[in-house]
Amino acid sequence: MTSSVPSPVLTNAASLLEVRAISKRFGPAEVLKSLSLDILPGEFLTLLGESGSGKTTLLRLIAGFEQPTSGEIWMRGKRLDTLPPYRRRVNTVFQQYALFPHLNVRDNVSYGLRVTGAPSAEISSRVEDSLRMVKMTDFASARPAQLSGGQQQRVALARALINRPQLLLLDEPLSALDANLRKQMQSELKSLQREVGITFLFVTHDQDEAMALSDRIALLRNGSLEQVAAPREIYSRPATAYAAQFIGQTNLLRGELRSNSFFCGSLRWTVFPSLALPDGPALFSLRPESIRLATEPVPDGAVLFRASILQRIYAGPSELLEISAGSQLLRVRTAPSDPATLAAATEHNFFFLPQDAIPVRES
Amino acid sequence: MYSRLYKSLVSIPPLAWVAVFLLLPYALMLAHSFWAVRQGLLVHDWNLSNYRTLLTHPVYLQVFFRTLRIAASVTLFSILLAYPLAYYLSFHAGPRKELLYQLVIVPLWVSYLVRGYAWKTILGTDGVLNGFLHYLHLTSEPAGFLLYSPFAVVLMLTHIYTPFVFLPIYAALEHIPRPLLEASHDLGAGPRSTFWRVILPLSLPGLLAGSTFAFLLTLGDFLAPLLVGGPSGLMIANIVQSLFGAAYDWPLGAAISMSILLLILAILFLTERLEKRWSHTGASR
C-alpha cells in the first residue's frame with residue numbers, strides 16, 4: 001500500500017494491450033519518452049494530462065495514425081504498431097466526432113460494416129441495435145449537420161462500437177459539450193461501457209472527469225507517466241508532488257526528516273517507521289480536508305497547531321480557508337461556518353492526523 | 001439603419017450597369033434573332049425562320065454537335081489530368097505542395113494567344129513534334145493530322161483549361177477535414193475504399209464546378225479553332241463570328257447565340273442544383 005506504481009497484479013499475460021517503451025519525436029520535440037503502459041481487458045483507463053503531455057499522441061499511436069519513433073505496441077500477443085489503422089481491432093471516437101457529412105446517421109453508423117463487406121441483413125440489424133443503444137433511432141435518416149453536439153457524440157460512439165472493437169479509444173470526446181450535457185454524457189458513457197464490456201481508453205485533461213469515469217487513471221506529464229492507479233488511490237496516495245497537485249488540491253509541506261520525525265517550520269510530527277523513509281529533506285502532501293478546526297478535544301497523536309486566517313473562500317457545500325501557521329501557508333477545507341467565528345486575522349487551533357500526510361516524490 | 005433613399009441611391013449604379021451593358025444587348029440580340037436580312041438589308045420582319053434554319057440545316061447541327069463533342073472531350077481530359085494532380089498535391093505532396101501549386105497556376109498568367117501559337121509551332125508539319133518524331137525515325141514524312149484538326153483543338157483547350165478544372169477540385173480536396181480520412185481508416189476502410197466512399201463524394205462539388213468551367217468555356221471558344229482547328233475543327237462560335245462578319249446575317253447569328261445562351265443557362269441551372277445537393281458544408285439543407 002505504499003507506492004502507486006503499476007501494481008504487480010498486472011502481468012503481461014492478463015493485459016489486452018501492452019505499450020512497450022514507446023518514444024515519439026516530432027522534429028526536435030520528444031512528445032513521448034520511452035513510455036510503457038498495460039491496459040487490462042474490460043477496464044476504463046483514462047490518460048490524464050495537461051495539453052502537450054503526450055496523451056493524444058499516445059492514443060494516435062495505438063490507433064495507428066502515427067508511427068512510434070521507437071518501441072512497440074502489442075495487443076493480445078500480436079504486434080500492433082506495424083499494422084495500418086484499418087487492420088487494427090481498435091476504434092476511435094474523435095474529438096470533433098469526424099462524422100461523414102455526406103452520409104446520414106444510419107450510413108455513418110454502418111460504415112465500418114459496409115467496408116468490411118458484411119451481409120446487408122446483418123448490417124441493418126446491427127445498426128438498429130446500435131442506434132437503439134445510443135437512443136438515436138429517431139434520427140437514422142438525419143445528416144450530421146442537423147444534429148446537436150450531444151447527438152453527434154452518440155452517433156460517433158455507435159459508429160465506433162459497431163465493429164465490436166477490442167479496445168475503444170476516446171479522444172477528449174466530451175470537451176466540445178457544454179457543462180450540463182457533459183455531466184450527463186459522462187454517466188451515459190460509463191453505463192455504456194459496462195453494458196458493452198469493451199475496454200475504453202479515454203483521453204482527457206479534466207481531472208474531475210477522469211475521477212468520475214475511470215477504473216484507473218494514467219497521469220501523463222511531459223511524455224512520461226507520473227502515476228498509474230485507481231482514482232481513489234491516486235487521490236489518497238499520490239506518488240509525486242505533481243500528482244498530488246494535479247488531482248485535487250493539496251498542501252505541499254517541505255521540510256527535514258530526522259530519525260522518523262518530520263520538521264516543517266513550526267509543525268513537527270512523528271512519521272510511521274514502517275514507511276522507512278531516509279533522513280534528509282522530505283516532501284509531504286496534506287489534503288485541505290485533512291486539516292480541521294480544533295473545537296473539541298483532538299484525537300491522540302494529532303498534530304495540533306495555531307494559525308491565523310488570511311482569507312476565506314465560500315464554495316457552497318464547503319469553505320476554503322487560507323491560513324498561516326508561522327511561515328507556512330496552508331489551505332483548509334471545512335464545512336461552511338458562521339462568518340463571525342472565523343473572521344480574517346483571528347487565530348484558531350487546527351489539527352491533522354500524521355497518517356493523512358502522504359510522503360511524495362519531488363517532481 | 002440606412003435610409004430607404006440611401007439604399008436605392010447606392011443600388012442605382014450597379015443596376016444601371018447591368019441594364020445598359022447586359023440586359024440591353026441581350027434584348028437587342030433576342031430581337032435580332034426574330035428579324036431577317038433581305039437583299040443585304042436588315043428588315044424588322046418578326047418570324048421564326050432563323051430558328052428553323054438552325055434546326056434543319058445540316059451544317060449548323062453538324063458544327064453544333066462537333067462543338068459539344070469537343071467540349072465534352074476537353075472536359076473529360078481536363079478532369080483526367082487535373083484530378084490526380086489535385087489529389088497528389090492535396091494529400092501527398094508534403095513540403096513541395098506550395099511550389100507545385102504555383103507551377104500549376106503559372107500558365108494562367110501566360111496569354112491565351114501565346115499558348116495557342118505555341119501549340120501551332122509544336123503541332124505543325126515542320127513543327128517541334130514532327131521534327132522529334134522524324135528524328136526518332138518513327139515517321140518517314142510529317143504527320144499532317146496533328147495540326148488543323150479537332151484533335152489539335154481538344155489538345156490546346158485541354159492544356160488551357162486544365163488549371164481551371166484543377167483549382168476547384170484542389171480547393172474541395174483541401175476542405176475535406178483530415179480526421180474524416182482517419183475515421184474511415186479507423187473503421188476498416190483501406191486507402192482505395194476511403195477514396196471512393198469519402199474523398200470522391202466530398203470533392204464532387206469541386207469536380208462539378210471545374211467541369212462546368214471547362215465545358216462552358218470550350219463551348220464558346222472561337223480562337224482555338226482559328227489557330228489550330230482548320231476547317232474540320234470549326235466550332236459554333238466561328239460560325240457566329242462569320243455570320244456577324246463576312247456573311248452579314250446578324251439575325252441567324254443572333255439565333256445561334258440565343259440558342260447557345262439558353263443551353264449555357266440550362267447547364268448552369270442544373271449544375272447549381274447538383275452542387276447544392278452535393279455540398280455538405282452548410283449547417284442544414
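Student: What pLDDT does chain B average?
Tutor: This is a predicted model, and chain B averages a pLDDT of 90. In chain B, 98% of the residues score at least 70.

Student: And where in chain B is confidence lowest, and where is it highest?
Tutor: The lowest is helix H6(B), residues 128-135, with a mean of 82. The highest is H8(B), at 96.

Student: What ipTM does the complex get?
Tutor: The predictor gives an ipTM of 0.85, alongside a pTM of 0.83.

Student: OK, on to the contacts. How many residues of chain B are in contact with chain A?
Tutor: On chain B there are 19, and they are in contact with 20 residues of chain A.

Student: Which elements of chain B give two or more residues to that side?
Tutor: Two helices do: H8(B), residues 178-186, and H9(B), residues 191-219. The largest share comes from H8(B), with six residues. That is also the helix where confidence in chain B is highest.

Student: How do the residues on that side divide into nonpolar, polar and charged?
Tutor: Ten are nonpolar, seven are polar and two are charged.

Student: Switching topic: which residues touch the most other members of the largest nonpolar core?
Tutor: That core has 145 residues, and the ones you want are Ile62(A), Leu201(A), Ala218(A), Ala152(B), Ile169(B) and Val228(B). Helix H7(B), residues 150-174, gives the core its largest share, 15 residues. As background, nonpolar side chains tend to be buried together in soluble globular proteins.

Student: Can we zoom in on one of those? What does Leu201(A) touch?
Tutor: Leaving out residues up to four places away in sequence, Leu201(A) touches Ile39(A), Leu45(A), Leu47(A), Leu59(A), Ile62(A), Leu167(A) and Leu169(A). One of these, Ile62(A), is itself among the residues touching the most other core members.

Student: Now the strands in chain A. In what sense do S16(A) and S17(A) pair?
Tutor: Antiparallel, over seven bridges; S16(A) covers residues 303-315 and S17(A) covers 318-325. Arg312(A) stands opposite Leu321(A) of S17(A).

Student: What's in the turn?
Tutor: Two residues lie between the strands of this hairpin, and Gly316(A) in the turn has a positive phi of about 75°.

Student: How many bridges are there between S17(A) and S18(A)?
Tutor: Seven, with S17(A) and S18(A), residues 328-334, pairing in the antiparallel sense. Glu319(A) stands opposite Thr334(A) in S18(A). These strands form a hairpin too, with two residues between them, and Gly326(A) in the turn has a positive phi of about 65°.

Technical notes
Residues numbered from 1 in each chain as written. Chains lettered and ligands numbered in written order. Predicted model: local features only at pLDDT ≥ 70, side-chain atom pairs only at ≥ 80, totals over all residues. Core = buried A, V, L, I, M, F, W, Y, C linked by C-beta atoms within 7 Å. Buried ≥ 20, exposed ≤ 12 C-beta atoms within 10 Å, placed from the backbone. Helix = DSSP H or I, 4+ residues; strand = E, 2+ residues; numbered from the N terminus. Contact = placed C-beta atoms within 7 Å. Nonpolar A, V, L, I, M, F, W, Y, C, P; charged D, E, K, R; others polar. pLDDT = per-residue confidence, 0-100. Pairing = 2+ DSSP bridges.
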